[in-house]
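Please keep the sequence and the model at hand while reading.

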Amino acid sequence: MTSTSPPAVDVRGLSVRYGGFHALRDLSVNLPAGRIIGVIGPNGAGKTTLLNAISGFTHVTDGEILLDGRAIQGWDIRRRVRAGLVRGFQTVRLMERESVLTNVLVGAERLDQPNALAQLFALPAQWRGRRIQERAAHEVIELLGLGADRDRRVDELPFASRRLVEVARVLISYPPVILLDEPAAGLDQEGRRELAAVLARVHERHPSTLVVVEHDVDLVKNLCSHVVALESGAVVCAGTPDRVFGDPRVQLAYFGRSADAPA
Amino acid sequence: MSTRSRTGAPSVALGATADPRLKRSRLPRLLLVVVIAALPPLFFDDYWLFLVAQVAAFAVATLGLDILYGRTGQMSLAHASFMGVGAYTGHLLAGLNQGVAVQLLGVLVVSVLAGLVVALPTLRLSGMRLALVTLAFGELLAWVLINTTDLTGGTQGTSVDPVVIGPLDSSVPMQAYLMALVPASIATLIVLHLGRTQMGRRMLIVRDSETAARSVGVAVARTKVISFLVSAVFAGVAGWLYAAVAGFISPPDFNLFASVYLLVAVIVGGAGSAVGAWLGAAYIVLMPQAFSLVGQPNLYPLVGGALLAVVALLVPDGIVGLSRRLAGRFRRAEDRPNHPDRPNHPDRPDRSTSGGDR
């Protein structure tokens, strides 16, 4: 409400090379501000590499990543997180033996934290911050429908809930730029629908530039207002879902058939 | 009640801090702790009180190691060495006719320095390699202790002057017990509180996934260093306390085996739990005595080793995890028949159904 509109992410001439392998080659793409953006493409197209590059988990060989006009490719992960760019993972990485609440609260790192001594000795300096964080955690837990499981250990939860816990950890600070790597992976049809609904709801309440790497065509079509199709480390096509999925090159690359083949 | 009397802020009512469950469960637990703490002076003779005072001293060390190993997941084979740093620093300062306050301050400062020396490799290392670096530190300290005979008494060890604070004298078991309870309580409170802070959560996520920690913006290296420093300070104070209670220290008290036993304590008790750290401290202090009592002191290493293997294989969460699991099973079995017997049971429909699926 008080926040200004979320920033756009602009990628210019980005190359990521692992030894002799070009994971991304001279890739330029605009991730428009405040939209839900789907990144699609076959395995090995460079979707995760693009996410890793933007979030700082991969060293960039060449090119620029602009967040709101600022070049961030030299920043470390922590600085990018502080600037409001937070990611999730394809494999769920949680604190298995801890509660849902604890797992979500750790994501509040992006918010201001009192110093170590104040925390160790329970100084008043931390009380206010803690209240704010806990309220934020409860809100996001309710928003994602995890309220009943709040105090349960995450290793007791079904996979779909664990997925949501990870999403909640990303969302607790409502970062202006959110990168999710195949959040629907491993979910059944029902779980996917729910996840899409949750993400849409969150995006409506807390506008962000939400980038979702996803295989599921239906989910992307339902959720995203902008789609980027990758293949072999380059952008094949970008634009509205209709346009991208109607593009013969996308059909060929992504579905392995040409546009005129029967659907 | 108090929240309702505060008018004008109804929207805050569902705030997390007003969790009634927490507030209700705290008082009985506190009473239980006080009762347990009061038992030894009432029922134990001097010798056992002396041992229980040692348990309290070791608890400070195991609580510290629990922060480092149990919560942050960093292996240290130097923790007894940190205890040695504290014990000998205190002893040397006492030899210079310094009072308790100066001794304690000295112990804190030197422990932080020692912790820093060992913590710096954590920036680059983890797992077994880190353990080896901490091992090297331990061996170095052992070498120093043995070869500075005029300061430390060398391999012969040295007797330590009792610490006297006001009317309390650490050479009297009962008073030593009371004295040891103070730092042990403070250490316990810090560890319990740590679980509710972001600092504590950072440690947990560093333990479980450094990648995830980075992704939410946790400074992984800084978290490890802080964890090392805090646990080194805990161990240093524990060593100082142990020296005062035992009245005698020698290098074997602080060698590799002692460090391994501290790790054993944390693992057997239950890593990541303050109660577990206490159980572990009790285990490593009292177990050898129990075997001596039945006339089989040599059995301790054998049975202790076997027990560690069993715990590591069967109950990875230690005694605390085991009891929690048993309690969970018990509660689930009891849930239904007990419901009418608990008229005050708050209306929390989700709790009973979420626990078990049968």
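Which residues in α12(B) meet which residues in α13(B)? Y261(B), V264(B), A265(B), V266(B), V268(B) and G269(B) of α12(B) meet G276(B), A277(B), W278(B), L279(B), G280(B), A281(B), Y283(B) and I284(B) of α13(B). This is a predicted model, in which local features need pLDDT of at least 70 and side-chain atom pairs count only at pLDDT 80 or more, while totals for chains, interfaces and linings use all residues. Residues are numbered from 1 along each chain as its sequence is written, and chains are lettered from A and ligands numbered from 1 in the order in which they are written.

**Helix pairs in chain B**

- Chain B has 16 helices and four strands; helices (H or I, at least four residues) and strands (E, at least two) are DSSP runs, numbered from the N terminus.
- Helix α12 (residues 256-269) of chain B packs against helix α13 (residues 274-293) of chain B at an angle of about 130 degrees, with the axes 7 Å apart. Axes are lines fitted to C-alpha atoms, for helices over the stretch in contact, and angles run from 0 to 180 degrees between N-to-C directions.
- That angle makes α12(B) oblique to α13(B); angles under 35 degrees count as roughly parallel, over 145 as roughly antiparallel, 65 to 115 as roughly perpendicular and the rest as oblique.
- The crossing of α12(B) and α13(B) is right-handed. A crossing is right-handed if the near helix is turned clockwise from the far one by less than a right angle, and left-handed if anticlockwise.
- The contact of α12(B) with α13(B) holds eleven nonpolar, three polar and no charged residues. Ala, Val, Leu, Ile, Met, Phe, Trp, Tyr, Cys and Pro count as nonpolar, Asp, Glu, Lys and Arg as charged, and the others, Gly among them, as polar.
- In a second pair, the axes of helix α4 (residues 79-95) of chain B and helix α11 (residues 220-246) of chain B come within 6 Å and cross at roughly 55 degrees.
- α4(B) and α11(B) are therefore oblique to each other, and their crossing is right-handed.
- Residues making this contact include H79(B), F82(B) and M83(B) of α4(B) and A232(B), A235(B) and G236(B) of α11(B). By class, the contact has eleven nonpolar, seven polar and no charged residues.

**Burial and contacts**

- Of the 358 residues in chain B, 41% are buried; a residue is buried if 20 or more other C-beta atoms lie within 10 Å of its own, exposed if 12 or fewer, and partly exposed in between, with C-beta atoms placed from the backbone.
- Among the contacts in chain B with a separation of 6 or more, 75% join residues 24 or more positions apart. Two residues are in contact if their C-beta atoms, placed from the backbone, lie within 7 Å.
- Eight of the nine residues of helix α1 (residues 47-55) of chain A are buried, so this helix is largely enclosed by the rest of the structure. Among them are K47(A), T49(A) and L50(A).
- Just after α1(A), G56(A) has a positive phi of about 95 degrees.

**The sheet in chain A**

- Six strands of chain A form an open sheet in the order β6-β7-β8-β3-β9-β10, with mixed pairing. Two strands pair if DSSP finds at least two bridges between them.
- The edge strands are β6 (85-87) and β10 (234-239) of chain A; each has a single partner strand, so one side of each is left without a neighbour in the sheet.
- Strand β9 (residues 226-231) of chain A pairs with β10(A) in the antiparallel sense over five bridges. E231(A) stands opposite A234(A), and A229(A) stands opposite C237(A).
- β9(A) and β10(A) form a hairpin with two residues between them, and S232(A) in the turn has a positive phi of about 50 degrees.

**Where chain A touches chain B**

- The contact takes 33 residues from chain A and 28 residues from chain B.
- α5(A) gives the most to the side of chain A that touches chain B, with five residues.
- That side of chain A divides into 13 nonpolar, six polar and 14 charged residues.
- T102(A) lies in helix α3 (residues 100-105) of chain A and counts as buried, with 23 C-beta neighbours inside 10 Å.
- Leaving aside neighbours within four places in sequence, T102(A) is in contact with M95(A) and R201(B).
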